[in-house]
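Here is a colleague's note to read beside the model. Please keep the sequence and the 3D view open while you go through the numbered points.

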Amino acid sequence: MSFSLIIGEDMKIAIDGPAGSGKSTIAKLLSKKLNFEYIDTGALYRAITYIIKTENLDAEDEENISNIIKNTNFRFHNNKIYVNEICIESEIRKNSISKNVSDVAALPFIRNLVNSVIRKIVDISENIILDGRDIGTVVLPDAELKIFLDATPGIRAKRRYLELLDKNESISLKEIKEEIIQRDYIDSNRDVAPLRKAVDAIVILTDDLNIQEVVDKIYNLLNNDL
Ligand code: CDP
């Protein structure tokens with residue numbers, strides 16, 4: 001199979017993988033390099049978790065949450081998420097949200113709500129990159145290129161630790177590693193759209209690769225025969 005990089009060809013790229021595998025960092029850089037749209041689908045699950053938390057909602061209250069989310073505007077601008085025109089990017093990255101997001105994302109009605117937000121953005125975009133857990137398997141099963149990014153839990157925890165440290169969040173490496181393993185477990189074992197490598201996805205192990213090396217690897221895949 002080979003691809004040509006002609007913008008306007010309606011190309012879709014799916015990037016999946018567990019927490020801290022580098023999906024969003026890589027997807028952002030790649031979207032810039034290719035001039036593609038980018039949706040960080042995890043940010044939508046995080047935003048809904050944030051809304052549930054700040055509005056003191058019961059996560060199982062399907063009717064109430066559905067009404068609120070259907071009347072909420074989600075938008076990405078400069079790779080940051082805006083909810084009703086307010087940027088909540090830094091709030092959704094806090095560990096208090098990371099801790100709860102997988103339980104929220106396991107609820108089927110929440111997945112339907114997120115998927116309808118994603119669908120609206122995909123429908124008006126020509127070339128797009130999506131990253132998440134179920135992109136290659138459920139959201140974009142027809143994506144032209146599917147990547148599954150992975151790394152060992154210790155490496156992923158270290159990356160997340162440094163990110164949070166940079167944002168002055170004090171949490172131990174041990175705690176982060178435990179949380180990442182717990183989140184992987186919930187994401188991989190839920191009934192609906194679990195974290196899975198699509199059969200036709202290309203696996204990239206990022207333990208020994210830096211960010212630029214991963215971006216280049218995917219870029220080269222697009223340019224060369226697979
Ligand atoms: O950045 P990190 O890898 O930690 O996670 P994320 O991509 O921001 O996603 C946060 C959470 O949202 C994941 O742990 C999943 O529970 C959920 N998620 C999902 O279920 N399906 C997606 N397509 C994307 C995220």
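1. We may begin with E89, which lies in helix α4, covering residues 89-92; helices here are DSSP runs of H or I with at least four residues, strands are runs of E with at least two, and both are numbered from the N terminus. E89 is buried, because its relative accessible area is 13%, where buried means under 20%, exposed over 50% and partly exposed in between, with a 1.4 Å probe and protein chains only. The side chain of E89 also makes a polar contact with the side chain of R93, at 2.9 Å; such a contact is a pair of N or O atoms within 3.5 Å, and within protein one atom must be able to donate a hydrogen and the other to accept it, while residues adjacent in sequence count only if both atoms are side-chain atoms.

2. Before going further, please note that this is a predicted model, in which local features need pLDDT of at least 70 and side-chain atom pairs count only at pLDDT 80 or more, whereas totals for chains, interfaces and linings use all residues. Residues are numbered from 1 along each chain as its sequence is written, and side-chain values use heavy atoms, with hydrogens and water left out.

3. Around the ligand there are 20 residues, of which R46, D134, R160, R183 and D187 come nearest; a residue is near a molecule if one of its heavy atoms lies within 4 Å of it. By class, this shell has 10 charged, 5 polar and 5 nonpolar residues, where Asp, Glu, Lys and Arg count as charged, Ala, Val, Leu, Ile, Met, Phe, Trp, Tyr, Cys and Pro as nonpolar, and the others, Gly among them, as polar. Helix α2 (41-54) gives the most to the shell, with 4 residues, and α5 (95-105) and α9 (173-189) each supply at least two.

4. N35, in the loop between α1 (23-34) and β2 (37-40), has a positive phi of about 60 degrees and is exposed, with a relative accessible area of 62%. A193, in the loop between α9 and β8 (202-205), has a phi near 45 degrees, yet A193 is buried, at 12%.
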